[in-house]
Amino acid sequence: MSAPGTAERPLCVAVIGAGPSGFYAVEALLKAPGLNVRVDLFDRLPTPYGLARGGVAPDHQKIKSVTAVYDRAACDPRVRFFGNVKLGKDVTVDELRARYDQIVYAVGCESDRKMGIPGEDLKGSYSATDFVGWYNGHPDYRDIPFDLNCEAAAVVGIGNVAIDVIRILAQDPDVLAKTDIAEHAVSVLRQSQVKRVYLLGRRGPVQAAFSPKEIEEVGEIKRADLVVKEEELKLDEVSKAGLCDAAAKKNYDCLLEAAHKGAGRKDRKIFARFCVSPVELIGKDGKVCAIKLERNNLEPDGKGSVKARGLGRFETIEGVGLVFRSVGYRGIPVPGVPFDEKAGRVANADGRVVAAVGGPVVLSEYVVGWAKRGPSGLIGTNRACSVATVGLMLEDLRAGKLAERGVDVSMEAAPRLLASKAVKVVSFAQWKEIDKLEIANGKKSGKIREKFTRVAEMLSAMGPSA
Ligand code: NAP
């Protein structure tokens with residue numbers, strides 16, 4: 001029998017997850033010189049693009065234009081999209097193993113880290129990722145009853161997700177209403193009583209994980225002042241040295257400028273606070289009503305940066321009825337795929353799946369994106385990550401390191417299996433029908449797009465089988 005990847009017999013690959021890293025893996029496979037390849041791209045939702053659709057903030061449309069690149073890959077005749085197919089529910093890993101030469105997991109990080117403090121489970125305490133999914137119309141988060149009927153909100157963590165949340169809370173809903181933000185979110189934001197938003201960093205301004213452009217944008221929100229305490233910008237020696245990093249310096253200068261401006265006159269305030277750690281969410285009648293913070297000192301961590309150490313000095317911010325923890329995403333295990341519990345991602349060695357951390361390689365199985373590295377980096381970071389993993393796939397292919405199993409790689413193998421299980425598969429052409437409808441529905445109300453926010457709505461909206 002001919003070897004996979006040769007002119008006589010394509011290499012058949014399943015990519016699980018149609019977010020940025022999945023699409024970049026598809027793209028890299030299509031571009032591999034001399035490789036005869038066929039790729040089936042699966043996603044648990046009927047809609048592709050992962051965080052480019054469900055994570056990127058609605059007022060950051062330029063970032064979303066990256067989907068044009070993904071569309072090109074999806075429209076290549078060697079690629080098929082199987083939307084609305086969930087690994088572990090509609091199809092098992094063993095079933096994929098029997099139908100593909102290689103499998104790439106591009107499943108991202110679908111959960112988040114906890115703060116681990118008392119009161120974290122009170123009403124009003126949420127994960128930032130829930131809020132992001134909610135305002136972006138992701139079906140999983142659509143029905144979370146966010147209640148913005150409080151005076152103040154706190155966002156814990158100083159990364160770009162925290163900044164997105166801050167902006168959505170503080171921005172004029174009329175500005176957001178023109179984007180592709182979910183309609184249910186705009187109506188709740190219009191009723192919002194939140195006047196003060198706190199951005200809480202456990203370390204200092206030089207250690208902030210947000211990008212300069214993001215914090216600058218916060219300073220430009222028309223109806224809110226960015227308020228910074230100058231004394232919280234005082235730097236220890238290690239942090240001073242950290243200013244040689246261009247992004248850290250820009251962040252610092254932006255914060256310093258805000259500190260010099262003072263509190264301003266706008267009726268909404270965004271307080272950026274540093275060297276404070278939440279130690280308790282205080283509740284009343286089961287709901288968050290205040291947040292208790294401990295002041296931190298920064299000490300060298302022995303790795304060139306600083307760590308926060310509590311000083312035993314506390315303060316309480318009253319009136320905080322909403323807390324969003326934005327302290328990082330975390331992967332969730334996929335049935336049948338080895339998981340690294342500690343790191344919260346697929347167990348892997350540089351992109352090759354391993355049976356357990358430090359254990360042997362699982363032949364023919366690979367991982368890309370956040371599921372491989374953990375939740376860091378911008379969308380573009382995933383391209384190099386996927387290219388590197390695809391490099392390993394081709395290296396293994398050339399070395400004959402493929403799992404030994406009888407594989408039915410016929411074109412019909414996967415569709416036949418899914419049909420036998422009555423899975424309602426959404427093709428890329430059908431997604432494009434949904435896409436057209438969303439854009440048309442948005443036009444009616446002066447928006448870029450009005451997303452379908454329930455899977456059932458998407459399925460009933462799409463045209464006949466393509
Ligand atoms: P992140 O960049 O890793 O930031 C997490 C933040 O949480 C850090 O400030 C971290 O502080 C803090 N933190 C962690 N544990 C904490 C704890 N127990 N208590 C208090 N603070 C804690 O994560 P992210 O914001 O979720 O973003 C994920 C990735 O997506 C990033 O690479 C980000 O740049 C990217 N992203 C980009 C955009 C954009 O380009 N517009 C938008 C959204 C997301 P320490 O540093 O002290 O650990």
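Helix H16, formed by residues 428–444, has 17 residues and reaches 25 Å from its first C-alpha to its last, close to the 24 Å expected at 1.5 Å a residue. The model described here is a predicted one. Seven positions along this helix deserve a look together: Phe 428, Gln 430, Trp 431, Ile 434, Asp 435, Glu 438 and Gly 442 are the buried residues of H16. These residues lie on the same side of H16, because they cover an arc of only 155° around the axis. The opposite picture is found on the face turned away from this buried side, where Lys 436, Lys 443 and Lys 444 are exposed.

What, then, covers the buried residues of H16? The cover includes helices H1 (20–31), H2 (51–54), H4 (67–74) and H17 (455–461), together with strand E3 (79–82). Just after H16, Gly 446 adopts a positive phi of about 70°.

Attention now turns to a sheet. Six strands form an open sheet in the order E6-E14-E7-E8-E10-E9, with parallel pairing. Strands E6 (125–127) and E9 (224–228) stand at its edges with a single partner strand each, so one side of each is left without a neighbour in the sheet. On average, neighbouring strands of this sheet are turned by 20° against each other, direction ignored.

Ser 127 has Arg 325 of E14 as its bridge partner. Helix H6 (residues 128–135) lies across both E6 and E14, and runs at about 75° to E6.

Key. Residues numbered from 1 in each chain as written. Predicted model: local features only at pLDDT ≥ 70, side-chain atom pairs only at ≥ 80, totals over all residues. Heavy atoms only, no water. Helix = DSSP H or I, 4+ residues; strand = E, 2+ residues; numbered from the N terminus. Expected span 1.5 Å × (residues − 1). Buried < 20%, exposed > 50% of the residue type's maximum accessible area, 1.4 Å probe, protein only. Arc of directions from axis to C-beta. Contact = heavy atoms within 4.5 Å. Pairing = 2+ DSSP bridges. Axes fitted to C-alpha atoms, helices over the stretch in contact; angles between N-to-C directions.
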